[in-house]
Amino acid sequence: MKKPLNIGMIGYGFMGRTHSNAYRQVGQFFDLQHQPVLKACCARNEEKIKAFAENWGYESYETDWRKLVARKDIDVVDVGSPNNTHHEIVLEAAKHGKMILCEKPLAMNVAQGEEMCAAVEKAGVANMAWFNYRRVPAISLAKQLVEENRIGRPFHYRATYLQDWTIAEDVPQGGAALWRLDAAVAGSGVTGDLLAHSIDTAEWLNGPIKRVTAATETFVKERVHAETGKKQPVSIDDACMFLAVFANGSMGTFESTRYARGRKNYNTFELNGAAGSVFFDLEDPQYLQYFKYSDPKTGQKTDSHTTGWQKIHVTNPEHPYMKRWWVPGCTIGYEHTFINALADFIAGIESGKPVQPDFRSALRTQKVCDAVLASAKSKQWVEL
Ligand code: SOE
């Protein structure tokens, strides 16, 4: 008999749905001692949260998050509400001794993130930030190839994260679905929303970033605010590009925008080293591309006439996470990255070996985001 793990989910938007789906599925596919129980969900809008609770099978709902985090029957608080709520909820949930999962970016800024880390560490509670892309099997495989020394000395890291959903000038800012365009709620634009993913992946694969220099742009300067109905200045970054120097001596370029017509969720990276390269594209997520120049064990160079980019279909049971899913050739998708992440979180509770990325690790990403925004403002390199 599995032990119950009672979930209190805050937020019912895109992430509320991805996380709820993970709670429902994880026990069916992963061999864990705990079974998530959808105890309660929470949002201010009663009509919407009631419908959400019914749709996903939550036993109850709350309209005040303070009530939810104080409930004795909740083990894990999951913060899936907009970015400007993370800090306060996490501090309060930690006081109540709850385990905490938090959507990315961790906080509005480093100062908040520091307090959130201190709170969970003082309370000694398990914590994880939902940087779900680490759990794309192809990205986990890239990590494995780096650890197997197949890339060798790294020279270049190249990341892009491109979307196109805010090009129209009549897209409003603010309110339920569009808070990502409102700096007061989101903290920043593409830097916190998209580049945070790229930075998390980059530091995971290629180690810490040492310094950055950045430029940002806001293409549409004013938008109607959905809550006030008035045109207001837009203060998020619509696009951000930065150069980075990694502690291992390699160089990085990062580009992100919501104005790349035709690009929907084009999250890519390429790492080039002396022994090989890897390339990944989230719009083609089943594949990891690998160029093998030399053998990691013998150092022997691959024959020139047979060398070339390999497109590895990451669906074999030997590939990360895939033995939990289907048979070779049968793919998994976006939603599974959340299920894989949740499985790792629960396994971490059971083994006592804290899962990554925890809040400390997410704070690293926050530091790089803040440095990028500071550099864009000062037009200077910023050291980390
Ligand atoms: C933005 O459009 C967004 O929904 C991000 O907030 C998610 O984190 C990303 O994974 C998909 O795009």
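Predicted model: local features only at pLDDT ≥ 70, side-chain atom pairs only at ≥ 80, totals over all residues.
The chain is divided into two domains, with domain 1 covering residues 3-125 and domain 2 covering residues 133-383. Their C-alpha centres are separated by 24 Å. Domain 1 contributes 29 residues to the contact between them, and domain 2 contributes 28. On the side of domain 1 that touches domain 2, at least two residues come from each of the helices α1 (14-29), α4 and α5. Helix α1 supplies the largest share of that side, with 8 residues. Sorted by class, the side of domain 1 that touches domain 2 holds 17 nonpolar, 10 polar and 2 charged residues.

An open sheet of 6 strands is present, in the order β3-β2-β1-β4-β5-β6, and its pairing is parallel. Its edges are formed by β3 (60-62) and β6 (127-129), each of which pairs on one side only. On average, and with direction ignored, neighbouring strands in this sheet are turned by 25° against each other. Helix α1 packs on this sheet, where α1 touches β1, β2 (34-42) and β4, and the direction of α1 makes about 150° with that of β2. Within the sheet, strand β1 (residues 3-10) is joined to strand β4 (residues 76-79) in the parallel sense over 4 bridges. In this pairing, Ile 10 stands opposite Val 79 of β4.

Helix α4 spans residues 83-95 and helix α5 spans residues 110-123; the angle between them is about 15°, and their axes are 9 Å apart. The two helices α4 and α5 are therefore roughly parallel to each other, and their crossing is left-handed. From α4, the residues in the contact are His 87, Val 90, Leu 91 and Ala 94, which meet Gln 112, Glu 115, Met 116, Ala 119, Val 120 and Ala 123 of α5. This contact of α4 with α5 comprises 7 nonpolar, 2 polar and 1 charged residues.

A further open sheet has 9 strands, arranged as β16-β15-β14-β13-β7-β12-β11-β8-β17 with mixed pairing. Strands β16 (309-313) and β17 (382-383) lie at the edges, each pairing on one side only. Strand β11 (residues 239-246) runs antiparallel to strand β12 (residues 251-257), and 7 bridges join the two. One of the residues paired here is Ala 239, whose bridge partner in β12 is Thr 257. Helix α8 (residues 190-206) packs on the sheet and touches β7 (154-162), β8 (209-217), β11, β12 and β13 (266-273); the direction of α8 makes about 155° with that of β7. Helix α10 (residues 359-378) lies across β8, β11 and β17, and runs at about 50° to β8.

Helices α8 and α10 likewise form a packed pair. The axes of α8 and α10 come within 9 Å, crossing at roughly 125°. The helices α8 and α10 are therefore oblique to each other, and α8 passes α10 in a right-handed crossing. Thr 191, Gly 192, Leu 195, Ala 196, Ile 199, Asp 200 and Glu 203 make the contact on the α8 side, while Arg 364, Thr 365, Val 368, Cys 369, Val 372 and Leu 373 make it on the α10 side. The residues of this contact of α8 with α10 divide into 7 nonpolar, 3 polar and 3 charged.

Most residues other than glycine have a negative phi, and most peptide bonds are trans. Lys 104 and Pro 105, however, are joined by a cis peptide bond with omega of about -10°; Pro 105 is placed in the loop between β5 (99-102) and α5. Another cis peptide bond links Gln 356 and Pro 357, with omega of about 0°, and Pro 357 is found in the loop between α9 (334-351) and α10. Asn 149, although not a glycine, has a positive phi of about 65°. The position of Asn 149 is in the loop between α6 (137-147) and β7.

Definitions and conventions: Residues numbered from 1 in each chain as written. Axes fitted to C-alpha atoms, helices over the stretch in contact; angles between N-to-C directions. Parallel < 35°, antiparallel > 145°, perpendicular 65-115°, else oblique. Left-handed = near helix turned anticlockwise from the far one by under 90°. Contact = placed C-beta atoms within 7 Å. Nonpolar A, V, L, I, M, F, W, Y, C, P; charged D, E, K, R; others polar. Domains from an automatic or database assignment. Pairing = 2+ DSSP bridges.
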